[in-house]
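Please look over the sequence and the model shown below before reading on.

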Amino acid sequence: MKLSPNSYDENGVDEEELNLDFDVLGILRRRYLQIALGVFAGVTLATLYFFQQVPIFESDISILVGQRSSELTRTGVSSGAENSVSIQEEILSTHMELFGSRKIMEGAVASGLPISVDAIKGGLSISKGGSGLAKNASVLKASFQSPNSQLAADVLTALFNSYQKYIDEKSRNVGEEAAEIIADALVVAEDDLRRAGQAYEEYIASIPALVSVSDSQGGVSLDDLHRNRLANIEQELAEVRRGVAESKSRLAVIENFLSDRDQAELSDLEVMSLLSEKEVNRLLAFLNIANNRGQIDDQGIRSREVNRESARTEVSRLLDLKVEQAKLRAVVGAGHPRSQLLSREIEVIERSLRESRDKYASLSQSIDISPAQMLDVYSDVLRSDIREGEERQRELLEISAVEAEKAKVIETSFLKIRTLQANLDRAQNRYEEVFKRLQEISLTNDYSGFSTDLIVMPFPADNPIWPSKTKIGALGLLGGSLLGIGLALLMEFLDRRVRDPRELEQLLGCSIITSIPNMEDSRRGPKKEAQGSVLSPILKTYHAPRGVHAENFRILRTTLLMLSKRENSQLWVVTSPSMGDGKSTTIANLAISLAQVGKRVLLIDSDLRRPVLHKLFGAEKGLAGLVDFLDGKLDDPGECCFETEQANLALCSSGGFTSRPAELLETTRMAEFLGWARGAFDLVLIDCPPVLAVADPTIVTAHADACLMVLRVGKCSRGEMREAADVFRGHGIQIDGLIVNARDVPKGGYGYGYGYGYGYGYGYGSRRYRYAADDEVGSAKGITDLSTGSPRVERRSIG
């Protein structure tokens, strides 16, 4: 499985570094302290702010504003009721501006207020309308805020007095000068109206072709006599053309009919089907007149037409029945009852048609004319109609041309008439508007101005409106919550640890095999003496083989066995990106689980700097191990491997101390040892140091068939994940699977710091690796003398 390269934006910033994990519940669980700190800070600051505020008092005033109307006083009715709402809104808005104007404030200060105009303007608020259903009330509301409650009431009282004084002064002036100007304008408008009407009437009288016509609304409009005549001619011409077209069409039908048939063989029934009722009546009338016979009256003609239409219907019905009979005979045969019924019905219709034909023939004989002659006579009639229609059409076209020329002349006159009409309308409207304004100004001499009634008087307030405990507390709580959430998000942004297992797959380019749940630490597990075993209690697959943790390792075991069988993998390396991921615990439990299915398993501790496996399996550190074989102290690889309490599981501990672990792992003896292990065991598991700590994992993985990486969600950062992937990719090593280990880090941590002086550390940012040797300190602390204790493992070498 190949690792995909990281994506960077145009500024070189890793886009994945900018991705935030917006798991709200997860953030609340991880950052509740920051959120609580923010809330506490907000509430504390709100409390301090509350006690530092100066009390502010507010006084209110309400004024009912109305407009006096002389018309309403005289008649009790307002003519502008439909516009009264919008007008009142404008009046109220004007009074709001007036009440808050500097002129009114200066008048209030002049009455003896101990406050400046700017101070009044800063504390004054003005609004309009009521509350609830009375929100559109014509009420002007004003409020003033001040640390002195009495001063707030006095300011509003002085403002109202100044405002009412100004309104009263302006209401006394009735606009006499404006009335004189409007009266003069009325005289001018009257003269303009008279001249416009005279010009309009004179021009109308000069055109005799114009006539007055009453419209549907009772008014009078002008109409063009020539255009009316032209319209009538056009209508008659259309009718003549339609008649000529119909005659030509009928004549063509008759001629085509006669051309396709022998005239001697024509029957009366064919003539009946060819001519319409109107044409038959017209033809009979001509024949009766020509033969001077009156045997066929109107009743006979109508009876004949009825018979002819009935014959048409019966012929159509006869054809349908014969088609249906043919289909039925083809399906069921001629002897079927339905087929016989159709045959009888066809005979009845044919008999009726024969009787109608005989009756029509007798009628035709009374006229003594053949069917072909009847059609010839009617064709002559149609040709006569065509000639008359075409002659009338030519006459109407000549008349239409004359009337059209006259109508064009009148149309030119209409343009000037419209102009004169528009001038007359404008003069009339101007006169009416000026007359109306003059009436209004005359009425204001009797009654005019505005009414301003005080409906809520200003009083000193007993309680301050500020500071408000509720508002400040709510703002403090809200601000503190926002501050805490901001701190939590900031910490979440700065915390680059991976918390979503799916993100691990994206960063490392491989799939997660399984997830191991939290396991209790060995210090919380059962006592070794009570268990009767030297194995660490953290090895759940041994001590609790039916537990949840053992089941997870069985799932992992099944997956690895399938991969081993499919890809012929025998030697597996297990490592981790950094310290504290729990790889040693994971590989130990995995080795036990594999051994429990009968596989011969060898567990190798290749962490030569800080070995752990010998502690988990209760073996003394001083026993012979991998270092002793690689250093040449042992010749037989089986001498450094020992059986454990778990059947089918052998352990190769790190062995003695060495100051050059990487060099020993690169020797040919390491390859020799692993080759021996492949032949002696079914599966070989190697515990390697963290990838980001030392180069040992890349050395060992070069000999392995597959590589697994153990990670702890919430511990490893994205940078560590990408760097670990880069290390393996740089050496051409493929990570075959991820094991997510959710085991909590015990107090004190799990670190790679060695008492014997060898240590390596990892820090994000300016990271430095430290690798220092101190043989004396290492000899003193690295090898522990446990000879006084009882042996913890059976020391049988593997031959």
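Asp581 counts as buried, at 1% relative accessibility, where buried means under 20% relative accessible area, exposed over 50%, and partly exposed in between, with a 1.4 Å probe and protein chains only. This is a predicted model, in which local features need pLDDT of at least 70 and side-chain atom pairs count only at pLDDT 80 or more, whereas totals for chains, interfaces and linings use all residues. Residues are numbered from 1 along each chain as its sequence is written, and side-chain values use heavy atoms, with hydrogens and water left out.

Asp581 sits in the loop between β8 (571–575) and α20; helices (H or I, at least four residues) and strands (E, at least two) are DSSP runs, numbered from the N terminus. Leaving aside residues up to four places away in sequence, Asp581 touches Ser576, Val710, Leu711, Arg712, Lys715, Cys716 and Asn741, a contact being heavy atoms within 4.5 Å. In helix α20 itself one finds Thr586, which is buried with a relative accessible area of 1%. Thr586 touches Phe553, Val710, Ile739 and Asn741, again not counting residues up to four places away in sequence.

Seen as a whole, the chain has a secondary structure of 27 helices and 14 strands, and buried residues make up 41% of its 799 residues. Among contacts between residues at least 6 apart in sequence, 79% join residues at least 24 apart. The chain exposes about 43,800 Å², of which carbon and sulfur atoms supply 53%; accessible areas come from the Shrake-Rupley method with a 1.4 Å probe, and for residues only the protein chains shown count as cover.

Which residues of helix α2 are buried? They are Gln34, Ile35, Gly38, Gly42, Ala46 and Phe50. Seen down the axis of α2, these buried residues fall within an arc of 145 degrees, so they line one face of the helix; the arc is that of the directions from the helix axis to the C-beta atoms. An α-helix has 3.6 residues a turn, so residues three or four places apart point the same way. On the other side of α2, Leu33, Leu37, Phe40, Phe51 and Gln52 are exposed, while what covers the buried residues includes α1 (24–30) and α15 (469–494).

The length of α2 can be checked as well: at 1.5 Å a residue, its 21 residues (32–52) should span 30 Å, and the end C-alpha atoms are 30 Å apart, which agrees. The expected span of a helix is 1.5 Å times one less than its number of residues. Helix α9 (residues 225–259) passes the same kind of check, since its 35 residues should span 51 Å and its end C-alpha atoms are 51 Å apart. The buried residues of α9 include His226, Leu230, Ile233, Leu237 and Val240.

Together, Val24, Leu25 and Leu28 make a nonpolar surface patch of about 300 Å². Patches are made of residues with over 30% relative accessible area and no salt bridge, like charges being joined within 9 Å and nonpolar side chains (Val, Leu, Ile, Met, Phe, Trp, Tyr) within 5 Å.

Side chains of opposite charge can pair when their charged atoms come close. The structure holds 16 salt bridges, each a side-chain nitrogen of Lys or Arg within 4 Å of a carboxyl oxygen of Asp or Glu. Lys128 forms one with Glu89, the closest N and O atoms being 3.2 Å apart; this pair links distant parts of the chain, with Lys128 in strand β2 (residues 124–128) and Glu89 in helix α4 (residues 84–99), 39 residues apart. Lys128 is partly exposed, at 36% relative accessible area, and Glu89 is partly exposed at 29%.

Arg609 and Asp696 meet in another salt bridge, at 2.3 Å from N to O. That pair joins the loop between β9 and α21 (613–616), which holds Arg609, to helix α25 (residues 696–701), which holds Asp696, across 87 residues. Both Arg609 and Asp696 are buried. Elsewhere, salt bridges that share partners join Arg102, Glu106 and Asp118 into one network.
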